[in-house]
Amino acid sequence: MILIALLLTILSAALRVVPHMPNAAPIGALALFLGAYYPRRFAWAFPCLAMLASDWVIGFYDMRIMAAVYGSFIATFYIGKLLKEKKILSADVLDWGRKN
């Protein structure tokens, strides 16, 4: 199973480097998927590794912004964990966006 996570991480990093629509890189999907389906606690590091690898190619930027971006992917990972454990429903996540 770690091989699948590693392959998805490499693919996500590669797809972030090639030209794509703005905000359409698959790192967020990787974080949500690993949070929901990967049983290991350290799996939050895979999206961060994909970001680090692609940032190394694209170029690094302001550390405060990078911390916020990486933190958002870690939060997305834990949202996937909550969805898997049925502590929140996907409808609750969608309703939160409309209420606020």
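Ser-54 lies in helix 3 (residues 45–58), helices being DSSP runs of H or I with at least four residues, numbered from the N terminus. The model is predicted, so local features need pLDDT of at least 70 and side-chain atom pairs count only at pLDDT 80 or more, while totals for chains, interfaces and linings use all residues. Residues are numbered from 1 along each chain as its sequence is written, and side-chain values use heavy atoms, with hydrogens and water left out.

**Ser-54**
- Ser-54 counts as buried at 0% relative accessibility (buried means under 20% relative accessible area, with a 1.4 Å probe and protein chains only).
- Leaving aside residues up to four places away in sequence, Ser-54 touches Ala-13, Arg-16, Val-17 and Gly-59 (contact means heavy atoms within 4.5 Å).

**Ala-36**
- Ala-36 belongs to helix 2 (residues 27–37) and is buried, with a relative accessible area of 16%.
- Beyond residues up to four places away in sequence, Ala-36 touches Gly-80, Lys-81 and Lys-84.
- The C-alpha atoms of Ala-36 and Leu-83 are separated by 6.6 Å, although these residues are 47 residues apart along the chain.

**Largest pocket**
- A pocket is an open set of points on a 1 Å grid over the protein atoms alone, where a 1.4 Å probe fits, with protein on both sides within 12 Å along at least five of seven lines; lining residues have an atom within 4 Å of a point.
- The lining of the largest pocket includes Arg-16, His-20, Met-51 and Phe-73.
- Helix 2 and helix 4 (63–84) each supply at least two residues of this lining.

Methods: Buried means under 20% relative accessible area, exposed over 50%, partly exposed in between (1.4 Å probe, protein chains only).
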